[in-house]
Amino acid sequence: MRTKGRLVLSFAAAAALAAIGSHLIEGVPAAHRLTAQAVLVSAVAVCLVWWNVVAPLDQMAAWLKAVRLGAEGRPPAPDPAGLLGPLVHEVSRLGQSLSEAKAAAEAEARLRAAGASEWTPERLKAEVSRALGGRPLCVVANREPYMHVRRGGKIEVLTPASGLVTALEPVLTACGGTWVAHGGGDADRETADADGRLPVPPEAPRYMLRRVWLTAEQEEGYYYGFSNEGLWPLCHIVHTRPSFRPEDWAHYQAANAEFAKAVLAELDGVREPCVLVQDYHFALLPRLLKAARPDARVGVFWHIPWPNPEAFGICPWQRELLDGLLGADVLGFHVQAHCNNFLETVDGALESRVDWERFAVQRLGRATLVKPFPISVDAPPPPPAGAGSAREAVRLAAGVHAEFMAVGVDRVDYTKGLVERFRAVERFLERNPAYVGRFTLVQIAAPSRTHIKRYGDLNAELDAEAARINARFAAGGWSPLALRRRHHGRAEVLPFLRAADLCMVTSLHDGMNLVAKEYVASRSDDDGALILSRFTGAARELPEALLVNPYDVDQTADAIHYALEIPPLERARRMAAMRKTVREHNVYEWAGRFIAELARVRVREGGHARALV
Ligand code: ADQ
């Protein structure tokens, strides 16, 4: 329309010019009138051509030159409404595509240059998209990242206190895709569509959450029973006897089949999909997925330790669990020792060939690669200005009337060594009376698996120990232990990490332990000391922490004393070294390395996956 308008306008102007010219020509002697008319016609034609052709071409040339030279911002495009409008339009789109391609190439070059040391969400997104050829990611985990619960007549969204959620949420936020999880919140059904789907994060959706519904009996048997009273103590070796009940095992099988159905529905129509199965709740899922979709790349990450073959062998269904896991193309653990334990378990329990050179298992004509991928955390947001006063504010708000504050952040779980931690504080005060009245441990404790008796007993034991120790030392409004037992949001935990003189991680056994890394990542002031159990995966990456055997109460008590009296330069040196490790090996690197390994697997549509090695 605009092109037509401009043409009509230019012809109207030309007609007016011609009319004026004709009027003037009437005064010209007859002998020269023909020449005058020719001059007039040429002048009008030149004007028309200049306005409709030459000027737009000039503008277009100037604009293309600007694009070629990489002018900042959006180059001025010529008005596409002239005679050459369609051509101008096409050329400007071509120019735009060129500048976009140039920007993408520059971004990629920047990422590659930065890649030597640091992983970012942008880099992960670019690498995953390249590795998977743009295919979406599908993550399967029991725990959902957003849970809807009813509180006082209102529906609230909760992010569960879980290491797995902490690690995977930033990955899916960066890459997009689908997270398949058990819908465990009492308002989960009404906040999802008929298929259990809803876009998340709720405030700015980046990926899809697909909720799977389980019956109360299934949840009881599969989650509380087989997973958390069987596999959890079995793998942690913390002297809590695992319970293996046939009815729990039946529910575990049924729940794995239920999840397989939901995942397969999500994969419908996606060629060579990539599925990341998370944790010990889904040992049977890889085999089920691979049987139905041989073209799928299936990776499993086992977030907890893998014990030695003798310990694992007490599980009556160890062969079924191993067979299920070996349906995966890649199986990841936090550390090499857990990979070795797994390979030794397979070696002794199944007909298979363990390739110790490549750390892979060959079985039924295909291979599973078994490798360590130490999980990590994301960098926290920068601290607010005036962090010094924020530190005092945190202490006062927490009711801590002490000069020195330690912090612990854990799910209330018998693997986390909470009772041992409290006893170490008691021993520290016994041995160092000068600190009585001056030191408090704030223990942020998220209730967990309260349904299981052992966890209920632990809560009671913690309360009793805290009360006993506080009664022994408390005076004048001060007490050595401040037990805050409720769910805290991430934003609530961070100020405590930043304000604490030291952080205590005393797990009796832990796959990795993300709290240790969160504490380090939060200390942009290079201050603070980390007391870390040597039985965590994190201890292998953070040797500059004050490493302790949490069963040795005296040693942990001495570590508290050392952490408080360590020369400031030494404390800063240790923290700076740990911060470098966590910065360079963050959760984006973990996901990037795992997915890259999986993307290298060659699969065959309609057949069995080909051998990897
Ligand atoms: P978890 O046993 O859940 O994880 P951990 O690695 O310590 O243990 O992660 C817990 C997460 O929950 C952290 O992000 C922490 O900040 C948060 N959290 C804990 N208590 C909280 C509280 N009271 N309030 C709010 N947030 C709280 C499992 C394995 C670990 C492994 C992770 C990841 O047992 O060994 O490191 O998965 O793979």
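In this predicted model, an N or O atom in the side chain of Arg411 lies 2.8 Å from an oxygen atom of the ligand, a polar contact being a pair of N or O atoms within 3.5 Å, for which, within protein, one atom must be able to donate a hydrogen and the other to accept it, and residues adjacent in sequence count only if both atoms are side-chain atoms. The side chain of Lys416 likewise places an N or O atom 3.0 Å from an oxygen atom of the ligand, and a backbone N or O atom of Ser162 is found 3.4 Å from a ligand oxygen atom. Of the 710 Å² of accessible area that the ligand has on its own, the protein covers 95% (Shrake-Rupley method with a 1.4 Å probe; for residues, only the protein chains shown count as cover).

The model is a prediction in which local features need pLDDT of at least 70 and side-chain atom pairs count only at pLDDT 80 or more, whereas totals for chains, interfaces and linings use all residues. Residues are numbered from 1 along each chain as its sequence is written, and side-chain values use heavy atoms, with hydrogens and water left out.

The ligand is surrounded by 25 residues, of which Thr166, His303, Arg411, Asp510 and Glu518 are the closest; a residue is counted as near when one of its heavy atoms lies within 4 Å of the molecule or strand. By class, this shell comprises twelve nonpolar, eight polar and five charged residues, where Ala, Val, Leu, Ile, Met, Phe, Trp, Tyr, Cys and Pro count as nonpolar, Asp, Glu, Lys and Arg as charged, and the others, Gly among them, as polar. At least three shell residues come from each of domain 2 (121-377 + 591-599) and domain 3 (387-585), with bounds taken from an automatic or database domain assignment.

Six strands form an open sheet in the order β15-β14-β13-β16-β17-β18, with parallel pairing; strands are DSSP runs (E, at least two residues) numbered from the N terminus, and two of them pair if DSSP finds at least two bridges between them. Because β15 (481-485) and β18 (546-548) stand at the edges with a single partner strand each, one side of each is left without a neighbour in the sheet. The twist from one strand to the next averages 20°. Strand β17 (residues 529-533) runs parallel to β18 and is joined to it by three bridges, with Leu532 standing opposite Leu547 in β18.

A further open sheet, of ten strands, has mixed pairing and the order β5-β6-β4-β1-β7-β8-β9-β12-β11-β10. Strand β4 (residues 178-182) pairs with β6 in the parallel sense over five bridges, and Trp179 stands opposite Leu209 in β6.

Terms used:
Helix = DSSP H or I, 4+ residues; strand = E, 2+ residues; numbered from the N terminus. Axes fitted to C-alpha atoms, helices over the stretch in contact; angles between N-to-C directions.
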